[in-house]
Every structure is written in structure tokens, then in C-alpha cells.
Amino acid sequence: MEFRLVKCVFTLGLISSLLAFGYARPAANDAIYFPPDDHEEHSMPVFEQSAASNTGSQTIVGKDGSVQQQTFGGSQSANIASDLSSGQLSATNTQQTSFQSGDKSQSQNQAQGQSASFGKDHQALSNANTNTNVVREGANVREQTSGGSGSSIKTAQGSQASQAQTNAESFKEAGKEGNRTTGSAQSQNIGMDGSGSTSNANTGSEKIVLADGTVITKSFGSSSSFQVSGNTKASSMAQTFSQSFGG
């Protein structure tokens with residue numbers, strides 16, 4: 001396992017110079033004139049940056065001959081203003097595991113990521129993840145995958161948010177085999193003036209084939225939305241479903 005940390009601090013200052021300074025003794029009736037200072041002082045915030053990462057792995061061999069392995073890794077980074085007026089952060093993680101014993105095995109892979117940023121007039125967040133899992137036992141096989149993501153943004157004009165998720169599964173076992181999938185998505189928009197909209201959608205399907213050749217299929221879907229602007233409101237909704245059974 002290794003760990004690295006890097007930290008850098010950058011500072012910006014001001015350089016001032018005095019040029020062409022003249023001095024003369026004023027007369028008794030002279031007024032001393034101070035010219036206006038039109039050189040406004042400007043400053044920039046100090047930013048602090050940091051980053052780190054780590055990795056690791058291990059293998060375990062059991063007395064029965066089974067083998068289990070695991071590897072993982074992660075990283076993080078940050079860039080933040082000293083006055084906390086703005087900044088960015090991010091992080092990622094991955095992990096892989098596997099197991100083998102006789103005619104049974106399993107493997108799994110996972111990954112996640114997150115990020116965030118903020119400033120004087122905005123905030124933003126996002127995340128994503130994936131997962132895969134495969135199990136084998138003799139002639140039977142089952143594989144599952146999933147993934148998701150989400151984001152949100154807030155500004156002086158309003159806010160927005162969205163997310164999505166998918167899932168899939170396939171299998172083969174004695175007497176039947178098939179697959180299933182599902183998905184969903186949502187979004188939302190809200191304005192500072194009170195206007196806004198939302199939407200939702202869902203889908204799914206399934207197919208199973210039996211040993212005698214019979215095929216069973218199903219599918220569904222739904223969606224809805226809502227909007228408001230001033231005194232006007234509108235909404236909608238829809239649903240579908242189908243199923244078949246045959247050889």
C-alpha cells in the first residue's frame with residue numbers, strides 16, 4: 001500500500017513602486033494639493049491545494065483450496081481558497097473482489113466518483129457509481145450490473161437537479177434462462193421567480209425462456225411531468241404494460 005500527499009500553497013501579493021516624487025517648499029498662500037488615489041488596491045485569495053491516493057491488494061488461500069482476492073484504490077483532491085470563497089473537491093474509489101472454490105466462483109467490480117465545486121454565486125455537486133457482479137456455479141450463471149448518476153446545480157437564477165439509475169440481470173440455470181432490465185430518471189428545475197418543472201420516467205423489460213421452448217416476455221413504462229409558471233400549471237402522466245406467453 002502506498003500513500004502520497006502533495007500540498008502546495010500559492011500566494012499572490014502586490015508590488016508597489018514610487019516614481020517621480022518631487023518636493024518643493026510651498027509659499028505662505030499656497031495650498032497643498034493631494035491628488036486622488038485612483039489606484040485601487042486589488043488582492044486575490046490564497047488557494048490551498050492537496051491531493052492523495054492509495055492502493056492495496058490482498059490474497060487469501062483457504063485450507064480447502066479456495067482463493068479470495070481483493071484490490072482497491074482511491075484518490076482525493078481539493079483546491080480551496082483561503083477565504084473559503086470558492087473551491088473544488090473530488091474523490092474516486094474502486095474495488096475488485098473475486099472468489100473461487102471448486103466449481104463455484106464470484107467476481108465483483110465497484111467504482112464510485114464524486115465532485116463538488118462552489119463559488120460566490122454557485123454550487124454544483126455530481127456523483128456516479130457502477131457495479132458488476134458475476135456468480136458461476138457449475139452450469140448456472142448469473143450476472144448483474146447497475147449504474148447510477150446524479151447532479152445538482154444552484155445559482156442566482158435557481159436550481160437544477162437530476163438523477164438516473166439502470167439495472168440489468170441475465171441468468172442461466174436448470175430449466176430456464178433469461179434477462180431483466182430496469183431504468184429510471186428524474187429531473188427538477190426551480191427558478192427564483194417560483195417557476196419550475198419536474199419529470200419522472202421508468203422503464204423495464206423481462207424475457208424468460210423455459211426448457212420446453214416457451215418464451216415469456218414482459219415490459220412496462222411510465223412517465224409523468226409537472227410545470228408551473230406564474231398562474232399557469234400543467235401536468236401529464238402515461239403508463240404502458242405488455243405481456244406475452246408462447247412457444
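**Exercise 1. Determine whether Gln108 is buried, partly exposed or exposed, then list what surrounds Gln108.**

Step 1. Take the accessibility. Gln108 has a relative accessibility of 25%. Buried means under 20% relative accessible area, exposed means over 50%, and partly exposed lies in between (1.4 Å probe, protein chains only). Gln108 therefore counts as partly exposed.

Step 2. Check the ground rules. This is a predicted model, in which local features need pLDDT of at least 70 and side-chain atom pairs count only at pLDDT 80 or more, while totals for chains, interfaces and linings use all residues. Residues are numbered from 1 along each chain as its sequence is written, and side-chain values use heavy atoms, with hydrogens and water left out.

Step 3. Gln108 sits in strand S5 (residues 104–119). Strands (E, at least two residues) and helices (H or I, at least four) are DSSP runs, numbered from the N terminus.

Step 4. List the contacts, meaning heavy atoms within 4.5 Å. Leaving aside residues up to four places away in sequence, Gln108 touches Gln95, Gln96, Thr97, Asn131, Thr132 and Asn133.

Step 5. Compare sequence with space. Val134 is 26 residues from Gln108 in sequence, yet their C-alpha atoms are 6.5 Å apart.

**Exercise 2. Describe the make-up of the whole protein chain.**

Step 1. Count the elements. The protein chain has 12 strands and zero helices.

Step 2. Of the 247 residues in the protein chain, 14% are buried.

Step 3. Check contact range. Among contacts between residues at least 6 apart in sequence, 46% join residues at least 24 apart.

**Exercise 3. Work out how strand S7 pairs with S6 and with S8.**

Step 1. Apply the criterion. Two strands pair if DSSP finds at least two bridges between them.

Step 2. Take S6 (residues 122–137). S6 and S7 run antiparallel and are joined by 16 bridges. One example: Asn127 has Gly150 in S7 as its bridge partner. Two residues lie between the strands of this hairpin, where Gly138 takes a positive phi near 65°.

Step 3. Take S8. S7 and S8 pair in the antiparallel sense over 15 bridges. Here Val141 has Lys172 in S8 as its bridge partner. S7 and S8 also form a hairpin, with two residues between them.

**Exercise 4. Trace the salt bridges around Glu169 and Arg180.**

Step 1. Set the cut-off. A salt bridge is a side-chain nitrogen of Lys or Arg within 4 Å of a carboxyl oxygen of Asp or Glu. The structure holds four.

Step 2. Start at Arg142. Its closest N and O atoms to Glu169 are 2.6 Å apart, in a salt bridge. Arg142 lies in strand S7 (residues 140–155) and Glu169 in strand S8 (residues 158–173), so the pair ties together parts 27 residues apart in sequence.

Step 3. Arg142 is partly exposed at 29%, whereas Glu169 is buried at 17% relative accessibility.

Step 4. Move to Arg180. Arg180 forms a salt bridge with Glu169 at 3.2 Å between the closest N and O atoms. Arg180 also forms one with Glu206, at 2.5 Å. Arg180 is in strand S9 and Glu206 in strand S10 (residues 196–210), 26 residues apart.

Step 5. Join the pieces. Through shared partners, salt bridges connect Arg142, Glu169, Glu173, Arg180 and Glu206 into one network.
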